[in-house]
Amino acid sequence: MNRGVLVNDNNVIVNAIVVDEQYTAPEGLTFYTHETASLGWGFDGVSFLPPQEEVLPDPVPDLTVRQFMIALHLSGLITESEARDRNTIPLAIDAVFGTLPPSGAAAARITWAMMTSVPRNDPMVDALGPVFNKTPEEIDDFFRQAALI
């Protein structure tokens, strides 16, 4: 009896089995004798490769208003005086709000005036991304870096 694995056309092990000498693999699968390879492993034609652990990015934290304003300033997106003035929306940001439908613009301005924290998933944050030429992934990284402030 031989212990081995069945590998599909995508070079992924789909089964580990023990067979006799006369075993023939089903169509679309190839049998390889191997003692340790297991379900989900890959095969590169020479070696069996354990699956790679998926590396998830760090979670995206919410920010304090202070962290958010300092990070916007350090990134050159607003001036220092705009970062310090809680009573005025920075010009570049207010310009973004002005592109929204009236109800959305009002909600964004009210949110800006009243916010005590800045959640990454706030629609206001997503609205700012394209204007500052930031992809969603870059916004996530901005938040991760700002959380260190």
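How many bridges pair strand 1 with strand 3, and in which sense? I looked this up first. The model I worked from is predicted.

**Entry: strands**

Strand 3 covers residues 30-33, and I count 4 bridges between strand 1 and strand 3, in the antiparallel sense.

Next I turned to strand 2. Strand 1 (residues 2-7) is joined to strand 2 (residues 13-19) by 6 bridges, and the two run antiparallel. Here I noted Arg3, which stands opposite Val18 of strand 2. Strands 1 and 2 make a hairpin, with 5 residues between them. In that turn I found Asn11 with a positive phi of about 60 degrees.

**Entry: helices 3 and 4**

I looked up how helix 3 (residues 91-98) packs on helix 4 (residues 102-114): the angle is about 150 degrees and the axes are 8 Å apart. Angles over 145 degrees count as roughly antiparallel, so I logged helix 3 and helix 4 as roughly antiparallel to each other. From helix 3, the contact uses Ile93, Asp94, Phe97 and Gly98. Helix 4 supplies Ala105, Ala108, Arg109 and Trp112. By class, I have 5 nonpolar, 1 polar and 2 charged residues in this contact.

**Entry: Gln67**

Is Gln67 buried or exposed? I found Gln67 in helix 1 (residues 65-74). Its relative accessibility is 10%, so Gln67 counts as buried; the cut-off for buried is under 20%. The Gln67 side chain reaches the backbone nitrogen of Thr64 at 2.8 Å. Setting aside neighbours within four places in sequence, I list Asp62, Ala146, Ala147 and Ile149 as the contacts of Gln67.

Conventions: Residues numbered from 1 in each chain as written. Predicted model: local features only at pLDDT ≥ 70, side-chain atom pairs only at ≥ 80, totals over all residues. Heavy atoms only, no water. Axes fitted to C-alpha atoms, helices over the stretch in contact; angles between N-to-C directions. Parallel < 35°, antiparallel > 145°, perpendicular 65-115°, else oblique. Contact = heavy atoms within 4.5 Å. Nonpolar A, V, L, I, M, F, W, Y, C, P; charged D, E, K, R; others polar. Pairing = 2+ DSSP bridges. Buried < 20%, exposed > 50% of the residue type's maximum accessible area, 1.4 Å probe, protein only. Polar contact = N/O pair within 3.5 Å; in protein donor to acceptor, adjacent residues only side chain to side chain.
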